[in-house]
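Visitor: I would like to learn how to read helix packing in a model. Please take me through it step by step.

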Amino acid sequence: MNHNAPLPPLSPRPLRHLSEVQRRVVTADRLRTSGVSVAEANEQCRPGGPWQQILPGVFLLHPGPPTSEERLHAVLMYAAREPAAGVPAQPGAEDPHRPVYAEAMITGLAALTLHGFSSTPPLLSLDRIDVLVPRMRRLRSARGARLVRTSALPAAEQVTGVPVAPVPRALADAVTELTDAGAVRRLLTEAVRGGHCEPAAVVRELNEARLLGRPHVVDAVDSLLAEGRAIAEDRLYRMVQEYGLPDPVWNVDLRLPGGPHLGGLDAYWPEQAVAVELDTRAPRQGHRQDDDALWSEYARKREHLERLGITVVHITPRKLRDAMEQQATVVRTALMASGDRDPAAYVVVLPR
């Protein structure tokens with residue numbers, strides 16, 4: 001027997017039941033269970049050979065450059081815990097052969113691209129792909145894969161068969177690596193303008209990641225909050241029009257005649273004494289007390305107005321986005337109930 005003769009290309013038979021991408025991207029453990037030793041796998045990866053080692057312990061079973069799909073799965077195979085034999089596919093999976101990646105998900109710029117962002121680079125142009133793993137995972141970043149550690153993994157979202165971090169978390173992980181203020185602002189703006197998430201969720205994640213002390217991030221967040229309020233106001237206008245509510249007076253201040261300022265409101269129906277206030281608060285780093293104080297101010301204003309006979313409907317931007325019809329019903333119910341209440345105190349309505 002000629003021991004120097006090259007091994008024929010291997011086609012591991014037991015891997016047939018796997019998904020197509022898993023037949024092209026395989027871990028050393030999977031190869032071993034199909035009868036291919038590490039030495040044999042390394043032999044196939046010699047220059048000019050039919051395979052290549054794309055990451056430590058992860059093999060690409062063809063010689064050409066990996067596709068973006070193959071890169072994503074290779075990174076996940078590298079970072080994830082190998083599921084035990086017989087582990088079922090993830091709940092709700094349409095494909096029973098979909099790969100199961102335990103405790104790992106794509107995050108950062110790659111995740112935002114998968115979520116459909118237009119301001120992020122295409123996957124193939126990224127030098128490395130960020131993958132979120134538990135803090136105690138004993139593994140290092142490698143060429144093409146950057147491990148991002150967290151004490152609490154969020155629930156992954158499935159995008160094109162790949163577990164992906166939710167947009168707010170992916171944004172925070174992307175912003176951690178960015179020093180360009182314009183790039184940060186573009187990402188945050190697209191997140192809100194594109195309807196991917198609400199500003200408060202983004203600021204919460206940036207706060208958790210301790211990024212709100214960076215001046216270029218603070219500037220971007222200020223723009224984000226202004227953008228978020230404008231979008232929420234626009235949705236409030238649309239709600240009134242689309243669900244046939246009577247026209248209110250918009251953006252007003254209320255005062256008692258000759259008395260104190262009662263506060264600003266986003267919409268007010270004087271005849272029915274019904275007001276709508278948008279809650280666009282967002283947590284800020286190290287300002288929990290300020291956040292609590294702002295909420296106390298909201299509550300104090302609401303109680304004062306309700307003592308004067310004015311019904312205050314408190315709406316969050318997220319409720320306007322996800323349940324506009326329900327919010328319209330709440331406002332309509334308040335307007336209809338006004339006839340059953342005692343008349344409200346007379347207040348002066350001024351433009352804000």
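Guide: Start with contact, which means heavy atoms within 4.5 Å. Helices (H or I, at least four residues) and strands (E, at least two) are DSSP runs, numbered from the N terminus. The model is predicted: local features need pLDDT of at least 70, side-chain atom pairs count only at pLDDT 80 or more, and totals for chains, interfaces and linings use all residues. Residues are numbered from 1 along each chain as its sequence is written, and side-chain values use heavy atoms, with hydrogens and water left out.

Visitor: Which residues of α6 and α8 meet?

Guide: From α6 come P168, R169, L171, A172 and V175. From α8 come A201, V202, E205 and L206. For classes, Ala, Val, Leu, Ile, Met, Phe, Trp, Tyr, Cys and Pro count as nonpolar, Asp, Glu, Lys and Arg as charged, and the others, Gly among them, as polar. The contact of α6 with α8 then has 7 nonpolar, no polar and 2 charged residues.

Visitor: At what angle do α6 and α8 pack?

Guide: Two packed helices are described by the angle between their axes and the distance between the axes. Axes are lines fitted to C-alpha atoms, for helices over the stretch in contact, and angles run from 0 to 180 degrees between N-to-C directions. For α6 and α8 the angle is about 45°, with the axes 8 Å apart. Angles under 35 degrees count as roughly parallel, over 145 as roughly antiparallel, 65 to 115 as roughly perpendicular and the rest as oblique. So α6 and α8 are oblique to each other.

Visitor: Which hand does the crossing of α6 and α8 have?

Guide: A crossing is left-handed if the near helix is turned anticlockwise from the far one by less than a right angle, and right-handed if clockwise. The crossing of α6 and α8 is right-handed.

Visitor: How do I read α8 against α9?

Guide: Take helix α8 (residues 199–208) and helix α9 (residues 215–242). Their axes come within 10 Å and cross at roughly 160°. α8 and α9 are therefore roughly antiparallel. Their crossing is left-handed. α8 contributes P199, V202, V203 and L206, while α9 contributes V217, V221, L224, L225 and G228. By class, this contact of α8 with α9 has 8 nonpolar, 1 polar and no charged residues.

Visitor: And where are the buried residues of α8?

Guide: Buried means under 20% relative accessible area, exposed over 50%, partly exposed in between (1.4 Å probe, protein chains only). In α8, P199, A200, V202, V203 and L206 are buried. Down the axis of α8, these buried residues fall within an arc of 160°, so they line one face of the helix. That arc is taken from the directions from the helix axis to the C-beta atoms. The buried residues of α8 pack against α6 (167–176), α7 (181–193) and α9.

Visitor: How do α7 and α9 lie, parallel or antiparallel?

Guide: The axes of α7 and α9 come within 9 Å and cross at roughly 25°. These two helices are therefore roughly parallel. The crossing of α7 and α9 is right-handed. On α7 the contact uses A181, V184, R185, L188, T189, V192 and R193; on α9 it uses H216, D219, A220, V221, S223, L224, E227, G228 and I231. By class, the contact of α7 with α9 has 8 nonpolar, 4 polar and 4 charged residues.

Visitor: Which residues have a positive phi?

Guide: Most residues other than glycine have a negative phi. E103 sits in the loop between α4 (68–79) and β4 (105–107). A273 has a phi near 55°, and its loop runs between β10 (261–269) and β11 (274–278).

Visitor: Are E103 and A273 buried or partly exposed?

Guide: E103 counts as partly exposed, at 37% relative accessibility. A273 counts as buried, at 7%.

Visitor: What about the protein overall?

Guide: Its secondary structure comes to 12 helices and 13 strands. Of the 352 residues, 45% count as buried. Among contacts between residues at least 6 apart in sequence, 62% join residues at least 24 apart.
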